[in-house]
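Morning, everyone. Please have the view open as I talk.

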Amino acid sequence: MAPVSGPGDDMYALVERLYPLCRSITGDGVRATLEIVGELLPLTVHEVPTGTQVLDWTIPQEWNIRDAYVADADGRRVVDFAASSLHVLGYSVPVHRTMPLAELRAHLHTLPEHPSWVPYRTSYYQPAWGFCLAQETLDALPDGDYEVRIDSTLADGHLTYAEHVIPGQVADEVIVSCHVCHPSLANDNLAGIAVATYLARALAEGNPYYTYRFVFAPGTIGAITWLARNADHVDKVRHGLVLACAGDAGQLTYKRSRRGDAEIDQVLRHVLAASGRPHRVTEFTPYGYDERQYCSPGFDLGVGSLSRTPYAGYPEYHTSADDLGFVSPAAMADTLAVCREAFAVLDRNRRYVNLSPYGEPQLGRRGLYDALGGRSDAKQAQMAMLWVLSLADGEHGLLDVAERSGLAFDTVAAAADALCGAGLIKA
Amino acid sequence: MAPVSGPGDDMYALVERLYPLCRSITGDGVRATLEIVGELLPLTVHEVPTGTQVLDWTIPQEWNIRDAYVADADGRRVVDFAASSLHVLGYSVPVHRTMPLAELRAHLHTLPEHPSWVPYRTSYYQPAWGFCLAQETLDALPDGDYEVRIDSTLADGHLTYAEHVIPGQVADEVIVSCHVCHPSLANDNLAGIAVATYLARALAEGNPYYTYRFVFAPGTIGAITWLARNADHVDKVRHGLVLACAGDAGQLTYKRSRRGDAEIDQVLRHVLAASGRPHRVTEFTPYGYDERQYCSPGFDLGVGSLSRTPYAGYPEYHTSADDLGFVSPAAMADTLAVCREAFAVLDRNRRYVNLSPYGEPQLGRRGLYDALGGRSDAKQAQMAMLWVLSLADGEHGLLDVAERSGLAFDTVAAAADALCGAGLIKA
Amino acid sequence: MAPVSGPGDDMYALVERLYPLCRSITGDGVRATLEIVGELLPLTVHEVPTGTQVLDWTIPQEWNIRDAYVADADGRRVVDFAASSLHVLGYSVPVHRTMPLAELRAHLHTLPEHPSWVPYRTSYYQPAWGFCLAQETLDALPDGDYEVRIDSTLADGHLTYAEHVIPGQVADEVIVSCHVCHPSLANDNLAGIAVATYLARALAEGNPYYTYRFVFAPGTIGAITWLARNADHVDKVRHGLVLACAGDAGQLTYKRSRRGDAEIDQVLRHVLAASGRPHRVTEFTPYGYDERQYCSPGFDLGVGSLSRTPYAGYPEYHTSADDLGFVSPAAMADTLAVCREAFAVLDRNRRYVNLSPYGEPQLGRRGLYDALGGRSDAKQAQMAMLWVLSLADGEHGLLDVAERSGLAFDTVAAAADALCGAGLIKA
């Protein structure tokens, strides 16, 4: 095995460990997932009882599964949960019967257009049972009786989610959210979990301005649960990002928040463009991942979503072909790098007020020219100071300054630091 | 004669009946026109006495005409009002004289660039008399004396206009206005009258949300009279459309209201674009038809104007070539169809408020997925519900939802109905 | 010598007279410059003592210079201030020493990329001395000792600037500002001074609406001084223009105010576009000339900047190649013409209120059609009246009317005058 040598490899190793687990919106697969993530990142795990009202929803019964199979007359398992967690319809009620293939067919899900792939299907809120299998497998089954068994339980229990908080200089928060409810699908969303995990580790190494809250929760019901339990807290959420489909070979896609012009939207658009990467920025739609919940009109948070190939945008989506070969260390490292760049900008994107706004202040007598005189980037640094002074009217953030001036954000932020140090501007 | 088989043919038959009448801004030609329209649509006819102050204007004397001609030395009528109402200068004072051609020329109007066409000319507010004729006719007249006679009257009387109101669920009104003052010109504006008439008949068959008021009035002074007499009422006018030049072969042209972004502007732009028809949308200008009055800055109503080839945009405009051959049943039917589509959208374009705005409401337990499960358009219907919920913030109308989502307005409106029925949104 | 035959020649003659003088941010060169301008335009000259606090700055000591040279062992002046004021570093402290070339080199400034040109360099706020010379000259100097002498004085004195005010019908002001601190550089800014001078003479011939204030002041510190001494007055400054680099062969460049949409921005954009001249309109940057001070965020005045080739945009900039051959009468006349056109528009750009806003007023009975009937531009004049009436809502200026209607500003302004005369609108 190749030595683990960088965040891409570390993230890939995490994806590999998580891949076999059978996750769903509740149950032990989620707990096992959070336990593994917890080895890398201290997590606060929340357990919310079945029956709890969360916004318009109710926490359902907890689902767990030990085994499931379809066996032929010879007892040979022709479909076996042990081979892949995808083989069973998520939230299947328990069943143990023998029935002819003709009757069984109503419970079998395939992808005729991709005959060797196994689809991913669930039935969370309507009691049902079923198996997912390759069309090829189905085609090879002779008529006759089959034993079907799903050794699952649906019982009062809990919905499980976790948080990791990196305290900042201010209580205002940035949330990073990723769904943890999908079983053996690598890109959707083990890659997102891995990027979130290593992003949190990287952010913790700095002394961030904002408080960063990472939410690992089941899709939809998990985000709704978090919102329900934090309704009094969400006014602290200034910005946010949903991470999903973070590891495939496609170019990065940023989907704007419902607001469309939230600061996170400006930051991601800027960072992606400035990076020179091919990428897409798309408008908000009320479909996709948990940005749907964070951006619902009652909350309307400034939360966007970063993916590589987005939701339902690749044929392997929600199939067994979204496997360990579909994601790569390099792609996850690239996603992580953009996240870090974006949060580096967001975290420094203050609005300043010019304390000497009448005419230009005399920079020379404050040593702000001298200090820079020997540097090859002196002219840019000087221009950045003039731009910051000009736009330090409480209306423009440093990213606005960077975009209007055409200067790099880092140059602008350094100029703001120098001017702040000289007492010429204040945040 | 071909059987009358559809609205196009019905409208064309109406144009044919109205064509010979000599209309002006007052007089019996207007009354006769309204009487014929009244056979198809119950009209409330208003008579406003000469001398009445209407905004900045005064109702002029009423003009009527029995006969008019230019006769040569042999008594032969070389120009004859009986052949076409266009031959006499509108509002000509009475005259009966014999004069040499050289003196008569000052009273003769031709179109040298179209030598076989008769122009349409008027002199409403400056006493004058005159004849309009083909340049060819004039060129053929030998020198010599001619008898000129205009058997007209200018006397205290009334200005006549009519209304037809279709009561709606609310008192807020949509007005549809067309000018009825032009003599034998088919496109300008008999086609507009015909489309308005059959539009009113079609709207009456539904149970419209808005109250629809159709105004058949002489151009300029008629619209001014309506506004003067309804000054206390215009705050009820939420939207409006002026119909003119509605029957020629050109593509449809929508001219925006003065506001430029009134709801009627959005609706017409959307419906024309969604229809796939070639069309034009033009900016407001303070010239054209009675949108000038409705959009004058004191009223500034959300009133646009729908034409095919617009005001003064075709050589036949205001000439005898704007005849029965210049308009067609198909063109009028097309204009009518767009009007109906537009008012169908306008009439349903409510703004809703999401009553469950925190997170997505659980549509499944309300049967909003089930109800749609068997339909082939289920996915679009589901997306439409999510879009309506997302934008039901009291700020966005259903048309905004359609435009942002790219979904058909009807799909969006059906989703709103379903959500309304489930108590999830309210208007 | 060719006869002086027009404003271009007059302006060029002024540039020729001013060229040899050694200007700086203080001193007798500025006074001599203002004295010559004063022969053409009555000036109020202000003397502000050394040590006066002006905004964030302090008026420095006054600098004057009688002579300066570098002489070789034979007493031959190899660099001589008498040949060009550029040869001495601006604000050089006095020096009289003999030193080897090796030691002298640290005080010598050249332009290696343009070996025959002499650069322009200053050191206003850090005591220093130095000479500027052609690289060719330097290359030809043999090693050995050189006598260096700068016969300058730095002593308490004054900063000098001047104003010329053309009283208008209202106290609201337009300021025109140009820097007068550069020594023998023709385009930067003797051409600007010349255009400003002849613009003032032309404006004085009218009866302008605004009060026009011309400010001839040293760059940066001069504009800061004017702002400091007029802090209570600047709320009267409605519009302004900085003139710089006004005489080179390049196309005109208008740089917007910091606001970006100030009325002066609209006017210059319109006039340049309507003129058909090739030109550029650029966004504000907090660099360049004294628009930096007028547009600093505390003042944020509606002040743009008009140049031909702008600040630092040509290789001759701040070198001896910006000489009398680099500017031309034709270019200055062109800049002047645009300034006059722009101020003609700005000065008439009122907002009107329609006093008869309900429906169109009856123009005919007020003779507003008759009066125009015989003119070939009657239709445009009539359209202009309708447009002015339509947009006379207190929100739109006449330039807005011109731009929305596509009519010439003069046509629109004439319509407004006619409507004003008829009592239909008021400013």
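A residue counts as buried when its relative accessible area is under 20%. Keep that cut-off in mind. One more point before we start: this is a predicted model.

Take A:Cys132. Buried or exposed? Its relative accessibility is 0%, so A:Cys132 counts as buried. The copy in chain C reads like this: C:Cys132 has a relative accessible area of 0%, and is therefore buried too.

Now, bonding. A disulfide is a covalent bond between the sulfur atoms of two cysteines. To be called one here, the two sulfur atoms must lie within 2.5 Å. How many disulfides does that rule give over all chains? The count is zero.

Let's step back to chain A as a whole. Chain A has 427 residues, and 59% of them count as buried. It carries 13 helices and 19 strands. Its C-alpha atoms fill a box of roughly 95 × 45 × 35 Å along the principal axes. What about contacts along the sequence? Take those in chain A with a separation of 6 or more: 80% come from residues 24 or more positions apart.

Look at H7(A), residues 263–275, and H12(A), residues 398–405. Their axes are 11 Å apart, at an angle of about 40°.

Over to chain B. Helix H5(B) covers residues 186–204, and H9(B) covers 329–348. Their axes come within 10 Å and cross at roughly 45°. That angle makes H5(B) oblique to H9(B). The crossing is right-handed. On the H5(B) side, the contact residues include B:Ala191, B:Val195, B:Tyr198 and B:Leu199. On the H9(B) side, they include B:Met332, B:Leu336, B:Cys339 and B:Phe343. What is the make-up of this contact? It has 11 nonpolar residues, one polar and one charged.

Last, chain C. H9(C), residues 329–348, packs with H13(C), residues 409–421. The angle is about 30°, and the axes are 11 Å apart. H9(C) and H13(C) are therefore roughly parallel to each other. They pass in a left-handed crossing. C:Ala344, C:Val345 and C:Arg348 in H9(C) meet a set in H13(C) that includes C:Phe409, C:Asp410 and C:Ala413.

One more helix in chain C: H6(C), residues 221–229. How many of its nine residues are buried? Seven, so by the under-20% cut-off this helix is mostly covered. Among the buried ones are C:Ile221, C:Gly222, C:Trp226 and C:Leu227.

That's my tour. Over to you.

Terms used:
Residues numbered from 1 in each chain as written. Chains lettered and ligands numbered in written order. Predicted model: local features only at pLDDT ≥ 70, side-chain atom pairs only at ≥ 80, totals over all residues. Heavy atoms only, no water. Axes fitted to C-alpha atoms, helices over the stretch in contact; angles between N-to-C directions. Helix = DSSP H or I, 4+ residues; strand = E, 2+ residues; numbered from the N terminus. Buried < 20%, exposed > 50% of the residue type's maximum accessible area, 1.4 Å probe, protein only. Parallel < 35°, antiparallel > 145°, perpendicular 65-115°, else oblique. Left-handed = near helix turned anticlockwise from the far one by under 90°. Contact = heavy atoms within 4.5 Å. Nonpolar A, V, L, I, M, F, W, Y, C, P; charged D, E, K, R; others polar.
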